[in-house]
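Please open the structure in your viewer and keep the selection panel at hand. The tour below moves from one selection to the next and says what is found at each stop.

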Amino acid sequence: MSLIIDRRLNGKKKSTVNRQRFLKRYRHHVKAAVQEAIDQRSITDVDGGSDITIPRKDLSEPFFHHGQGGHHGHVHPGNHEFHRGDRIQRPPGGGGQGSGAGQASDRGEDMDEFIFQINRDEFLEYLFDDLELPNLLRKELKDSTDYQLKRAGFTTAGSPDRLNIVRSLRAAHARRIALSGKDRKVLRTLKRQLREMEVSADPVDQQQASLREEIKLLNKKLKRLPFIDDFDLRFNNMTKAPQPSSKAVMFCVMDVSGSMTQEIKDMAKRFFLLLYLFLERSYEAVDVVFIRHHSEARECDEHDFFHARETGGTIVSKALLLTHNIIQQRYPPGQWNIYIAQASDGDNWGEDSSTCTSIILDKLLPVCQYFAYVEITDQHHQNLWYEYATIAESYPDHFAMQHIHSYLDIYPTFRRLFEKKEGTHVGR
Amino acid sequence: MLAAEAPKRHTIRREKPLSTGSEWTFELLDLYDREFARLADKFRLDTYPNQIEVISSEQMLDAYSSVGMPLMYNHWSYGKTFLNNQQNYQRGRMGLAYEIVINSNPCIAYLMEENTMPMQALVIAHACYGHNSFFKGNYLFRQWTDASAIIDYLLFAKHYIARCEEKHGVTVVEAILDACHALMNQGVNRYIRPAPVSAAQEQACSREREAYIQRNLNDLWRTIPVSEPPQLRQDERFPKDPEENLLYFIEKNAPLLETWQREIIRIVRKVAQYFYPQRQTQVMNEGWATFWHYHLMHEMYDEGLITEGFIMEFLHSHSSVVFQPAFDDPRYSGINPYTLGFNIFRDIRRICEQPTEEDREWFPDLAGSDWLDAVHFAMQNFKDEGFILQYLSPRVMRDMRLFSIEDNDINPYLEVDAIHDQQGYRQLRENLAALYNLGNREPNIQVYNVDVRGDRSLTLRHYLHQRRPLDRDSTHELLKHLHRLWGFDVKLDSVDQDNIIQYIFKTESNSKELVKVTSKKRVNR
């Protein structure tokens, strides 16, 4: 007689451990594949899982087997042309297993690579592996206006909704034991005397009666002890613990003047997107503010930021000033972690660059966690780059700049900007 | 193929069909199982009790990935298999197997919930009565595996390895397992029957064994020269007789391993031994199960228990199971064991029931005898090699249009040395049987010597069969694994039938370089 069991509700993730071990073992392969994927992806689907391709020979598990050469025999089905004694040209590449009859293998290619998928979280983990947000700890607790209630033991006073029943009853029980101890001891002695008297040979009724009376009185007294008293109540105690701010705002500042082509904007967009994904992993909420500028600066939405075209000269300082104003109005530095990313082709109105430097030094760097500047151009640097270079020298922890030539530079540049630095991430 | 089927005795269809829709329910599974059990009894299929488990496709993928066992220790290679299967399945490149069946007592068979009722019925017939009776009846399984103990043993193994990982770290345990897995095929006893595994005993013995092994090891290595002259000749080889089971030899004799490492080697060895019969009976096992699902379903149909639509769906699945593409078909990837086994078993029945002149000449004992006796005898007493040698008939060779190719590297061409004709039958049959001989297929590698008094290096011997050399890259990797287990240099000589060394592979303590010796030199036996 067979037993039929429904196992469908049993766990189905039995292979998870093995899968993780596999990923761990081939970590550097996976990482390389992720980096390759990020370079080739279209802008919109950076945020998703990915196919990972690893050469199959790198993961082979060896076992003793015969190589080519020697004397082999093969048997195949479906003969329709051969006779005994027919000789066939040895197929190129040797007469290994299975190729004896010379059939072409059009599935060969896909046997060489091992392909599997990782999900979004895993993808991002490999993508941002070894990277860190600079100055993440800089938000000092005293600035913090966010509090979280934390449990902190028990108190004897509080509001009824915090009443801890178990603790209260335990206290009541202890009080009752403590207060009644002496009386109960007397009671026990009296009861024993009474029992002895009852079983003894010549009971004295009068004595027994008085004993009973005494016991009754004592019992009454004990009963008068309150079951629970105000004194017994215990309440859960909560204290306010200051919370380091877990909110971040990211300012995307981009030059949209005529010299910025769509291609350069696309590259900038990729860079901003990577930064956004990275911030999203470290903070609960990330706000993004888009600021576009030519000779005027304006806050806009994402679509306009990347697609609207305008012409005109370039004055970077206006965008920086606008950034500063927005920070003042909407993002008090005590509550927000502020990141500023600026992308440009390096063009700026000649005399404006020094103004930029002073705005950054005086107004922006003191309030923001990190200022990243990427210059996307394949031409020579202009004065903005050299101005910024002096800032980067004096504030290496908070200001960084990189140069992007092509699509392929974006991810490596990003990594360079955020790679882990020994000991520099703790704030001043 | 179906049209060629021998005509059936036409029984009157009097019963009402068990079901009409394609949806299955637990009640229906039970009903079908009862009917199959009744028919199996009629055909004398002796089985272990069945435990049928319904699982989802994800669970099937899980089960697939850990060599089909319901529980298994953790290893990255199972994760790799899992990812591979998952990818192939999701891309529709691979259908999941309809079933997995485990040689255990009770015999556990998995059904997938996505299957239709006819598929479930097919799987029950195939796994629960076909494979199950094979596990219980075939001599290899009877002698070499203990179906009642395997699940408990795997549980013991899983816990033991998990404990080792906790204690010594995953990476170290993984290194041992990698090495053992690589040598798994060289970790079985081919001739000496092993003691059956038992989890309880294992646990009880494992401590005793610890002490014993350590004592023996000390004896063996005590003879390391300290004051003796360094050039002392080693007269006797150790081991005295070559040892075919490399993992066993290492477990018992490797000087530097810790006890838990020996225990892990032992676990892998036991698992390898458990699967050894399955590797030798693939054609028979699948052929037998296919033969019986085919017959049991037809029997049901004849009794009117299943409908026309049901049998059509069954036949569709059946014919895709036994589909054999020709050698020049792009889908061709070798001979389909289901097809070959099914054809041979079906042909045994045909020879018994409707022998031709040719059959009387080739199978005088079989022709006209009771077919049920004949197939049971064939199932019980052979492994693939012998089964093909004994039962592959000219008719099957003709039907499958088999031909044999000789690939000798001293010739610049391949030669067709036998086809399905009068002169070729015997040669063809021998060639095909030889392909299923594990002894030919796998290199014959044995432990030859240990330099007990010298540098403790281990020498293995590969006995060349038909001049087939070892694959260089993988052998190189394997020697590294061996080196990891043994702890000292490892050398592998390939010798031909005259005991002349043809190739030498060895690890060097510093540079792990592969050395090939081209000059041939005589060595003493």
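Two residues are in contact if their C-beta atoms, placed from the backbone, lie within 7 Å. Keep in mind throughout that this is a predicted model.

**Stop 1: chain A.** Select chain A, where you can look for 12 helices and 13 strands. Of the contacts in chain A with a separation of 6 or more, 82% are between residues 24 or more positions apart. Buried residues make up 28% of the 428 residues in this chain.

**Stop 2: where the chains touch.** Now show chain A and chain B together, and select the residues in contact, which are 57 residues from chain A and 83 residues from chain B. Which helix gives the largest share of the side of chain B that touches chain A? Colour helix α3 (residues 76-90) of chain B, which provides nine residues and is that largest contributor.

Stop 3: Select strand β1 (residues 3-6) of chain A and strand β1 (residues 50-55) of chain B, which pair in the parallel sense over four bridges. Along this pairing, I4(A) has I52(B) as its bridge partner, and D6(A) has V54(B).

**Stop 4: the domains of chain B.** Colour chain B by its four parts, which are domain 1 (26-138 + 281-321), domain 2 (150-221 + 232-279), domain 3 (337-440) and domain 4 (443-522). Between domain 2 and domain 4 of chain B, 22 residues of domain 2 are in contact with 17 residues of domain 4. On the domain 2 side, the elements that give two or more residues are α7 (170-182) and α9 (246-253) of chain B, and α7(B) gives the most, with four residues. That side divides into 16 nonpolar, two polar and four charged residues.

Stop 5: Select V450(B), which is found in strand β6 (residues 444-450) of chain B. Is V450(B) buried or exposed? V450(B) counts as buried because 22 other C-beta atoms lie within 10 Å, where the cut-off is 20 or more. Leaving aside neighbours within four places in sequence, V450(B) is in contact with F238(B), R456(B) and L458(B). Although V450(B) and R237(B) are 213 residues apart along the chain, their C-alpha atoms are separated by 7.0 Å.

Stop 6: In soluble globular proteins, nonpolar side chains tend to be buried together. The largest nonpolar core here has 157 residues, and A109(B), I124(B) and A125(B) are among those with the most contacts inside it. Apart from this core lies another, of 57 residues, including M260(A), Y283(A), L384(A) and A400(A).

Technical notes: Residues are numbered from 1 along each chain as its sequence is written. Chains are lettered from A and ligands numbered from 1 in the order in which they are written. This is a predicted model: local features need pLDDT of at least 70, side-chain atom pairs count only at pLDDT 80 or more; totals for chains, interfaces and linings use all residues. Domain bounds come from an automatic or database domain assignment. Ala, Val, Leu, Ile, Met, Phe, Trp, Tyr, Cys and Pro count as nonpolar, Asp, Glu, Lys and Arg as charged, and the others, Gly among them, as polar. A residue is buried if 20 or more other C-beta atoms lie within 10 Å of its own, exposed if 12 or fewer, and partly exposed in between; C-beta atoms are placed from the backbone. Two strands pair if DSSP finds at least two bridges between them. A nonpolar core is a set of buried Ala, Val, Leu, Ile, Met, Phe, Trp, Tyr and Cys residues joined through C-beta atoms within 7 Å.
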